[in-house]
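Please consult the sequence and the model alongside the text.

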Amino acid sequence: MLPWLAGSAATFPPVQTALTEPNGLLAAGGDLSPAWLVAAYRRGIFPWFSDDQPILWWSPDPRMVLFPHDLRVRRSLAKRVRNGGFRITADRAFPSVVDACAAPRHQQPDTWITPEMQDAYTRLHRLGLAHSIEAWSGERLVGGLYGVALGLVFFGESMFSLEPDASKVALVSLCRAMQAGGGRLIDCQMHTAHLASLGARDIARHEFIGYLDRWLGDAPGNAETTADNWTPRWSFEDLDTPCQATYEGRQP
């Protein structure tokens, strides 16, 4: 039986007890307050559920991750980064990025980014814990991504593109900033061919948890009152630092 989380304390069962089918389903219940979300991410757990479901918590095995120095930038994307005409910013349009990520997509009319989830991550953003990277074409927002940054780790949530490669360029900029400031890991949650093509790979859950233990450490107290303890140790302003990416083929 799936554990039901109740009460005000953000307490989760061990991730090793998560189901294998569906992969990683750990528990239901709880809430989406900053305290619960930070406690979940710290333990390698994230929320994912539909409008007609209770809050569901997941910790899949394996876990897809991207180490910023492993970012793979193919020749065509390298040209886009240099000459694509995108202007990249950070934290300039967080609600708009989340709205765009939540919008219906081709052959995917439903979204897991419910209004409840949008409100929860906007609250984290106001606390300085959730961040967005935006790609602009002129004054139009055409791509981006958002997630939660704790210590040396960025927990990616979603990305979108309205123009080819816009979200990829935003990801390159995120990796660039993390490399410049010592960021170590981007959590991609579950395997996708799209992220694998950019250098992300699957690792065992216990290995992922080990990285969190090493790079997050302990930050006592409530997330709303101790946000400084979780402030990323790298800057979202370092977007102009050259990206130390691995290029496939001859670099143009």
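Does Arg-140 count as buried, exposed or partly exposed? At 44% relative accessibility, Arg-140 counts as partly exposed; buried means under 20% relative accessible area, exposed over 50%, and partly exposed in between, with a 1.4 Å probe and protein chains only.

## Basis of the model

This is a predicted model, in which local features need pLDDT of at least 70 and side-chain atom pairs count only at pLDDT 80 or more, while totals for chains, interfaces and linings use all residues. Residues are numbered from 1 along each chain as its sequence is written, and side-chain values use heavy atoms, with hydrogens and water left out.

Helices (H or I, at least four residues) and strands (E, at least two) are DSSP runs, numbered from the N terminus. Two strands are said to pair if DSSP finds at least two bridges between them.

## The four-stranded sheet

Strands E1, E2, E4 and E3, in that order, make up an open sheet of four strands with mixed pairing. Its edge strands are E1 and E3, each of which pairs on one side only. As a general point, the strands of a sheet pair through backbone hydrogen bonds, either parallel or antiparallel.

Both senses of pairing involve E2. Strand E1 (residues 4-5) runs parallel to E2 and is joined to it by two bridges, whereas E2 and E4 pair in the antiparallel sense over three bridges. Ala-28 of E2 is the bridge partner of Trp-4, and Ala-28 also has a bridge partner in E4, namely Leu-56. Strand E2 (residues 25-29) is largely enclosed by the rest of the structure, because five of its five residues are buried.

## Helix H1

Helix H1 (residues 34-42) is mostly covered, with eight of its nine residues buried. The buried residues of H1 include Trp-36, Leu-37, Val-38 and Tyr-41, and also Arg-42. Just after H1, Gly-44 takes a positive phi of about 80°.

Strands E9 and E10 form a hairpin with two residues between them, and Gly-151 in the turn has a positive phi of about 55°. The two strands run antiparallel and are joined by eight bridges; Ala-149 stands opposite Phe-154 in E10.

E10 also pairs with strand E11 (residues 185-189), in the parallel sense and over three bridges. Within this pairing, Leu-185 of E11 is the bridge partner of Val-153. E10 is mostly covered, eight of its nine residues being buried.

## Salt bridges

A search of the whole structure finds six salt bridges, each defined as a side-chain nitrogen of Lys or Arg within 4 Å of a carboxyl oxygen of Asp or Glu. One of them joins Arg-201 to Asp-70, with the closest N and O atoms 3.9 Å apart. This pair links distant parts of the chain, 131 residues apart: Arg-201 is in strand E12 (residues 201-203), and Asp-70 is in the loop between strand E5 (63-66) and strand E6 (72-73). Arg-201 is partly exposed, with a relative accessible area of 38%, and Asp-70 counts as partly exposed at 26%.

Another salt bridge joins Asp-165 to Arg-80, the closest N and O atoms being 3.5 Å apart. Here Asp-165 lies in the loop between strand E10 (153-161) and helix H5 (166-181), and Arg-80 lies in helix H2 (residues 75-83), 85 residues apart. Arg-80 is partly exposed, with a relative accessible area of 25%, and a network of salt bridges links Arg-80, Asp-165 and Lys-168. The salt bridge between Glu-163 and Arg-140 has its closest N and O atoms 3.3 Å apart. Glu-163 lies in the loop between E10 and H5 and Arg-140 in strand E9 (residues 140-150), so the pair ties together parts that are 23 residues apart in sequence. Glu-163 counts as partly exposed at 24% relative accessibility.

## A negative surface patch

Asp-51, Asp-52, Glu-116 and Asp-119 form a negative surface patch. Patches are made of residues with over 30% relative accessible area and no salt bridge, like charges being joined within 9 Å and nonpolar side chains (Val, Leu, Ile, Met, Phe, Trp, Tyr) within 5 Å. Asp and Glu count as negative and Lys and Arg as positive, while His and the chain ends are not counted.

Asp-52 lies in the loop between strand E3 (46-47) and strand E4 (56-58). At 71% relative accessibility, Asp-52 counts as exposed.

Conventions
Areas by Shrake-Rupley, 256 points an atom, 1.4 Å probe, with all protein chains shown as cover. Charge placed at Lys NZ, Arg CZ, Asp CG, Glu CD.
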